[in-house]
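Please keep the structure in view as I speak.

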Amino acid sequence: MNDVKKYLREWAMPHVLCPGCAHGIVLRSFLEAVDQLQLAQDQVAMVAGIGCSSRLAGYADFCTLHGTHGRAPAFATGLKLARPELDVVVVTGDGDGLAIGGNHLIHAARRNIDITVLLLNNSIYGMTGGQVAPTSPEGTVASTTPSGNTEPPFDPCQLLLGAGASYVARVLAATPTEMTKVMADAILHPGFAFIEVVADCPEYFGRYNKAGGGAEMLTQLAGRDTGVAVQLADKRFVNHIPSSETAPGLQTGVLRRETRPVFSGVRGGGDHGA
Amino acid sequence: MPEQTKGLVLAGVGGQGVILAGMIVADALVRAGHDVKQSEVHGMAQRGGSVFSHIRWGQSVDSPLVPEASAEVLAAFEWAEALRWVSYVREGGAVVADLRTIVPPGACRNTRSWATTYPGVDPDLFVDRRLTAHLVDAASTATELGNVRTAGSVILGAVSRFCGIDQIHWEAAIESLVPRGTEEVNLAAFRAGCEVGEATIPVAPAPPEGFSGPHQIEIDHTWCKGCDICSRVCPEYCLAVDLRGQLNVVNADVCTGCHLCELLCPDFAISIHPPSTEVVTAVD
């Protein structure tokens, strides 16, 4: 393992995230990916909106931009057009990216601008106090749905596939090496790359829905992995997974990778992934 | 002056064949012409207790119970039982102890980390008491012979030298008492036990293949929030969160360097270093 602490703003640590919150694992995997690709720290730009997930940009020692709620893809679009040499990475959450900023996200995908979006899906609004989110499964108890959520949730990957993203992947926060691999792949992808990282929220989702703490939620998450690589299948970690009746399987891995003209702001100026 | 009555204590845990071994010893001694009395406590193993058998022999035996500090030899089928019963052995007596360890549920103080209060295997514990210690790896010897359940016969073989009776009586007793069809393998195990008794047994278990020494676990307590993910994922149970919520390394000797805890720590609080590197002391 590489020492990724050199990419951290150590003076800002420990971070504000709750005990057991997987967002820190996601940040670590992202830093590992940057380390694998040997990107210079001033070559990476992390753009974030508002929310627990968006806090991650504050702890990474890259060029970082903390914008307004839901508008991270819009900021990132501007940044990439002005400074095309940067590797622009958007860190957003399910509430930030799919509810408040859903519009910006799908249009960035439609344009195929060369940015990478990490959407940390913890199925709830964590920072604002546990309100129901567009990705909360039906029946989710949240502070705004005390008797259970009655609305069907989004599948973020299906949404982005429909919006025309040229790279769509889903990874689990419980499988960090897989996460690192997909993130490195997505950063290298020419065009819009979208990664849904399925994470946990032990403090609100776990507490309201009696899903346990971080360890239990991650264990359950690892058991839902039906994708290409089950990293930890032979570990104790996933041995005692309850049946998947309550938690349906999640298709993980790269769901789409295609090459199409990349948006550069100039008519006919798009390159074809060269 | 009649010959002094001698004693032998057999100790083990349920299922190891302590009772059968006691019957074989008693039978062999009877065959050799001794007066023998035997007593045992059994049925306790399921409650976390031990199984033991006392045997006394001589010209005329009055009580079946071996008084403390008077046994010629203690035959322990399990390491912790050897320690439990060692006070029954007279000064200058002998201990034959199997290296096998069977950790009882009661010794597990923490079912999450499996940290136990089980004693370490250390022959010096007997040397301090001026006892002759014969450590046998009976389970391995028996496995080599083809039936791990004959480990008791290996131990009897190691014990036989201290009872002062002819080998014929031992073999006759074994043949008449062991389950039908296992006479040959039990006799082979007994003879193997007679020989391995003198052998010096390596005490430390061999490390797993490819294990080049434990990796070093460094915890940054100022960053750790005690979320307990690391201790749950560690396949070797190296880490545990205590009641105050502080993460501790409880089993530093077995870290294989799989990095699962490091990768899954949301707080960047764990660093795993290869065996050779120097580690800065963890921040308190």
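Predicted model: local features only at pLDDT ≥ 70, side-chain atom pairs only at ≥ 80, totals over all residues.

**The sheet in chain B, then the cores**

In chain B there is an open sheet of six strands, in the order S2-S3-S1-S4-S5-S8 and with mixed pairing, where strands are DSSP runs (E, at least two residues) numbered from the N terminus, and two strands pair if DSSP finds at least two bridges between them. Strand S2 (35-41) and strand S8 (132-136) of chain B are at the edges, each with a single partner strand, so one side of each has no neighbour in the sheet.

Residues are numbered from 1 along each chain as its sequence is written, with chains lettered from A and ligands numbered from 1 in the order in which they are written.

Within the sheet, strand S4 (residues 71-76) and strand S5 (residues 89-98) of chain B run parallel and are joined by five bridges, and Ala75(B) stands opposite Val96(B) in S5(B).

Turning to the cores, each is a set of buried Ala, Val, Leu, Ile, Met, Phe, Trp, Tyr and Cys residues joined through C-beta atoms within 7 Å, buried meaning that 20 or more other C-beta atoms, placed from the backbone, lie within 10 Å of the residue's own. The largest nonpolar core has 104 residues, and those with the most contacts inside it are Ala173(A), Phe194(A), Ile195(A) and Val197(A). Helix H1 (residues 23-37) of chain A, a DSSP run (H or I, at least four residues), gives the most to this core, with seven residues. A second, separate core of 56 residues includes Ala71(B), Ala94(B), Leu135(B) and Ile174(B).

Methods. Buried ≥ 20, exposed ≤ 12 C-beta atoms within 10 Å, placed from the backbone.
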